[in-house]
Amino acid sequence: MSSEGRAAVNSAEAGTETKTTPLLTPYKMGEFNLAHRVVLAPLTRFRSYGNLAQPHNVLYYAQRSAPGALLIGEATAVSDTARGYTNVPGLWSQEQVESWKPVVDAVHTKGAVFFCQIWHTAPASPTDSQPNGQASVSSTDKQVTPQVSHEHIVREFATPQRFETEEIPHIINDFRIAARNAIRAGFDGVEIHAGNGYLIDQKDGTNDRADVYGGSLENHCSFAAEVIAAVGAEVGVDRLGVRLSPFSDYVDCVDSDPEALALRVIDFMNGLGVLYCHVVEPRMYVNKNDGKLMIPHRLLPFRKAFKGTFMVNGGYDREEGDKAIADDYADLVAYGRLFLANPDLPERFRKNASLNKYDRSTFYTPDPVVGYTDYPFLDADIKEIVD
């Protein structure tokens, strides 16, 4: 960390207002003037009943909004066959567009910037999430091995249906239409979810295709490149972000050279002028010396390669976030669990105040309040009311 950054961090006294730390310095991301570097990460929470945004979604996002903040909305399905979970929002219908408008309006009323993350969950989509219980489409017909969640629930997957080469343009068009609908709903931009083993994440551990979308490194990047190009042409690359998780192994999606694969996608993004790149760190590991969880910090090659705004995510706290900014490891830091449990997280960081503890057992419950909008603010007198 630079001496300036270290001084800013060390000047903090718990529970008191502090000098501006690296995380809380302003940042200009394209045309967006951000007040600080703390970003709300996209968090799937299964509370959009019937694939529609709900009034409690309005409250949730409004609680976490403030002038100059950047929020990334939860992953939103691009079609009725893109769903992998119950009660996730969508953006393939006019009804869904209308349901999102009050959410976006509430965020903008607070002065925040709001991007919508769009996704297709295949091959992690069970048949009960598909129309008529059909098999999900995927780049492969290999069945995903059962996955054990943090709640120790075993999730099983049906054998997916490998889509044919001529079907791929239709799926790309689903992304384009969903992106268009996001802008129609009022979002400031779109983030493409191209990680975590979902459809765009074409690592060689999953992709066994023999057509132009499989085989070579270049071919493995083709689908991602075509989706990014289509969405960029629809909404403008100055309103486009892409999320990557090179080291993720979810749903058996691993790669023999994840760094090379991600760098090739980033090279394509640079050629288009994509606004930002959002990359997830590898899983945290336990330090043998003190038993603490540590962030691997393996994203520097991607930081050096990408020409736009670079955002990191994965286990960061206030101190680690400050260090990432001060060391020029990242421009922005996305927070998930901490921002869920602390709707005023940037203010708590500013005051170096204590944080609410998140309750993992309520992450994915369908309750519209518990574990979602009931986490307290630092100032107990703050009351968030959304008409």
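How many bridges join S3 to S16, and do they run parallel or antiparallel? Three bridges join strand S3 (38-40) to strand S16 (residues 332-335), and the two run parallel. Two strands count as paired if DSSP finds at least two bridges between them. Strands here are DSSP E runs of at least two residues, helices are H or I runs of at least four, and both are numbered from the N terminus.

Before going on, the basis of the values. This is a predicted model, in which local features need pLDDT of at least 70 and side-chain atom pairs count only at pLDDT 80 or more, while totals for chains, interfaces and linings use all residues. Residues are numbered from 1 along each chain as its sequence is written, and side-chain values use heavy atoms, with hydrogens and water left out.

Back to S16. Val39 stands opposite Ala334 in this strand. Leu332 and Ala334 point one way from S16, Val333 and Tyr335 point the other way, and all are buried. Buried means under 20% relative accessible area, exposed means over 50%, and partly exposed is in between, with a 1.4 Å probe and protein chains only.

S16 also pairs with strand S15 (residues 309-313), again in the parallel sense, over three bridges. Met311 stands opposite Leu332, and Val312 has Val333 as its bridge partner in S16. S15 in turn is joined by five bridges to strand S12 (residues 276-280), and these two run parallel. In that pairing, Val279 has Val312 as its partner.

How many of the residues of S15 are buried? Five of its five are, so the strand is mostly covered, by the cut-off already given. Thr309, Met311 and Asn313 point one way, and Phe310 and Val312 the other.

S15, helix H9 and S16 make a right-handed β-α-β unit. Right-handed means that, with the strands pointing away from the viewer, the path from the first strand over the helix to the second runs clockwise. H9 covers residues 318-326, and its buried residues are Arg318, Glu320, Gly321, Asp322, Ala324 and Ile325. At the start of H9, a side-chain oxygen of Asp317 comes within 3.3 Å of the backbone nitrogen of Glu319. A polar contact, for reference, is a pair of N or O atoms within 3.5 Å; within protein, one must be able to donate a hydrogen and the other to accept it, and residues adjacent in sequence count only if both atoms are side-chain atoms.

Asp328 lies in the loop between H9 and S16. Its phi is near 60 degrees, a positive value in a residue other than glycine. Asp328 is partly exposed, with a relative accessible area of 48%. Asn352, in the segment after helix H11 (345-351), is likewise a residue other than glycine with positive phi, near 50 degrees.

Now His36, in the loop between strand S2 (32-34) and S3. Why does His36 count as buried? Because its relative accessibility is 10%. A polar atom of the His36 side chain lies 3.2 Å from the backbone nitrogen of Val38. Leaving aside neighbours within four places in sequence, the contacts of His36 (heavy atoms within 4.5 Å) include Leu23, Pro26, Gly68, Leu332 and Pro346.

Arg337 is in helix H10 (residues 337-341) and counts as partly exposed, at 32% relative accessibility. Not counting residues up to four places away in sequence, Arg337 touches Gly315, Tyr358, Arg360 and Phe363.

Helix H4 (residues 168-184) has 17 residues. At 1.5 Å times one less than the number of residues, H4 should span 24 Å; its end C-alpha atoms are 25 Å apart, which agrees. Its buried residues include Ile168, Ile171, Ile172, Phe175 and Ala179. Among the elements covering them are helix H3 (94-109), strand S5 (113-119) and helix H6 (222-235). After H4 comes Gly186, with a positive phi near 110 degrees.

Last, the cores. A nonpolar core is a set of buried Ala, Val, Leu, Ile, Met, Phe, Trp, Tyr and Cys residues joined through side-chain atoms within 4.5 Å. The largest has 96 residues, of which Val231 and Tyr335 touch the most other members. Val231 touches, among others, Phe175 and Ala179. A second, separate core of 15 residues includes Val39, Ala41, Val113 and Leu275.
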